[in-house]
Amino acid sequence: MKLRTALLLLVFWLPLGALAESFDYRLSPYRVADDSYVFIGKTEDFTPANGGNIVNTAFIVTRDGVVVIDTGSTRRYGEQMRQAIAKVTPKPIIKVFNTHHHPDHFLGNQAFKDVPILALPATIAGEQAEGDAFANNVYRMAGDWALGTEPFPANQAVQPGHMTVGGHDLEIIGWGGHTAADMVIFDHTTGVLFAADLVFYNRAATTPHAVLANWFASLDRIQKIPFKVMVPGHGLPVMDNRAIDQTRNYLHWLDRTLRDAARNGAEMTEVLARPIPAEFSEIALVASEYSRSIAHLYRSYEAETLAPASH
Ligand SMILES: [Zn+2]
């Protein structure tokens with residue numbers, strides 16, 4: 001290699017290499033209400049550039065200690081989350097919640113092994129059953145950010161109901177539709193609603209475990225909660241119903257499109273080619289999630305249209 005080429009390579013490679021090796025998610029808490037903070041993830045898919053920082057995680061600083069809501073995509077994310085929380089408060093972390101079993105929400109659990117990790121029973125089952133596959137997948141998509149990440153499923157089943165923690169009246173709600181069990185946490189003390197992945201904002205909803213009819217029912221119930229601030233699972237926190245409406249409108253369109261296509265006997269490739277309405281063009285990843293959703297859901301719509309004929 002000529003010296004000049006070598007120097008050029010150095011110039012272009014060093015900064016990238018240095019950045020990658022630091023593996024710093026640069027987590028910075030965004031305060032949404034008294035005692036309440038969110039680490040806002042990018043509205044992107046897993047990539048080696050973002051390392052899986054694509055999800056909102058949160059924490060509440062109560063009188064008795066810190067409550068953590070979701071732990072991110074990797075062991076490293078969980079560790080850095082803990083360091084970032086320690087810069088806000090010296091209080092110990094006393095409880096961790098996993099809202100559902102998707103990898104970006106619980107694969108940081110390893111960093112919280114010394115704390116009770118609570119989840120709905122079906123979420124724990126999902127983490128146990130799919131954790132290894134999820135961890136492999138995150139490593140494949142995010143690369144070395146995920147090095148050393150192993151599934152550490154939640155270790156305490158929680159039932160829906162009220163729970164007072166350090167003066168905060170937390171309502172644990174167990175609904176579903178995005179997965180078999182989606183936990184929503186409403187902090188009655190601050191008015192913050194942690195909606196998890198039942199609500200996406202300016203990031204297309206993901207559907208690998210979705211049952212849309214249940215999801216619509218959950219959205220209707222969420223809308224009745226008198227929240228002051230809503231933290232969606234992905235996308236910026238909001239103070240009104242816009243994120244609920246956007247999630248519902250997009251999923252309604254998806255539902256209608258797949259149902260109509262199945263009734264017309266359309267092939268999957270034809271459904272894939274359908275245009276996405278302009279009203280959704282601002283939503284990040286809408287084209288790729290639409291394709292994935294067809295792969296996840298279209299067969300069941302086809303089966304549904306065939307079912308009556310067999311009776
Ligand atoms: Zn999810």
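Colleague: Of the contacts in the protein with a separation of 6 or more, what percentage comes from residues 24 or more positions apart?
Modeller: That would be 67% of them. Keep in mind that this is a predicted model.

Colleague: Okay. How many helices and strands are there in the protein?
Modeller: Eight helices and twelve strands. The radius of gyration is 21 Å, close to the 19 Å that the globule rule gives for 311 residues, so the protein is as compact as a globular protein of that length.

Colleague: And what percentage of the residues count as buried?
Modeller: Of the 311 residues, 52% do.

Colleague: Let's talk pockets. What volume does the largest pocket have?
Modeller: About 380 Å³. Its lining is made up of 21 residues, and those nearest the centre are Phe46, Pro103, Thr206, Pro208 and Arg292.

Colleague: Which element gives the most to that lining?
Modeller: Helix α4 does, with five residues. At least two residues each come from α3, α4, β11 and α8 (286-306).

Colleague: How does the lining of the largest pocket split by class?
Modeller: There are eight nonpolar, six polar and seven charged residues.

Colleague: Back to α4, then. Where is the kink in that helix centred?
Modeller: On glutamate 130. The helix covers residues 121-142, and the kink is about 60°.

Colleague: Which residues of α4 are buried?
Modeller: Thr123, Ile124, Gly126, Glu127, Gly131, Phe134, Ala135, Val138 and Ala142.

Colleague: And what covers them?
Modeller: The cover includes α3 (103-106), β6 (117-119) and β7 (156-157).

Colleague: New topic: how many cavities of 30 Å³ or more does the structure hold?
Modeller: One. The volume of the largest cavity is about 70 Å³. It is lined by 13 residues, with Asn56, Ile69, Asp70, Ala196 and Pro232 the closest to its centre.

Colleague: Which strands supply at least two residues each to the lining of the largest cavity?
Modeller: Strands β3 (57-61), β11 (192-200) and β12 (229-234).

Colleague: What classes of residue are in the cavity lining?
Modeller: Seven are nonpolar, five are polar and one is charged.

Colleague: Last one: roughly what box do the C-alpha atoms fill?
Modeller: Along the principal axes, roughly 65 × 65 × 35 Å.

Methods
Residues are numbered from 1 along each chain as its sequence is written. This is a predicted model: local features need pLDDT of at least 70, side-chain atom pairs count only at pLDDT 80 or more; totals for chains, interfaces and linings use all residues. Side-chain values use heavy atoms; hydrogens and water are left out. The bend at a residue is the angle between axes fitted to the seven residues ending there and the seven starting there. Helices (H or I, at least four residues) and strands (E, at least two) are DSSP runs, numbered from the N terminus. Buried means under 20% relative accessible area, exposed over 50%, partly exposed in between (1.4 Å probe, protein chains only). Contact means heavy atoms within 4.5 Å. On a 1 Å grid over the protein atoms alone, a cavity is a set of points where a 1.4 Å probe fits but cannot get out, and a pocket is an open set with protein on both sides within 12 Å along at least five of seven lines; lining residues have an atom within 4 Å of a point. Grid points are joined across faces, edges and corners, and a volume is the space filled by probe spheres set on the points. Ala, Val, Leu, Ile, Met, Phe, Trp, Tyr, Cys and Pro count as nonpolar, Asp, Glu, Lys and Arg as charged, and the others, Gly among them, as polar. The radius of gyration is taken over C-alpha atoms; the globule rule is 2.2 Å times the number of residues to the power 0.38.
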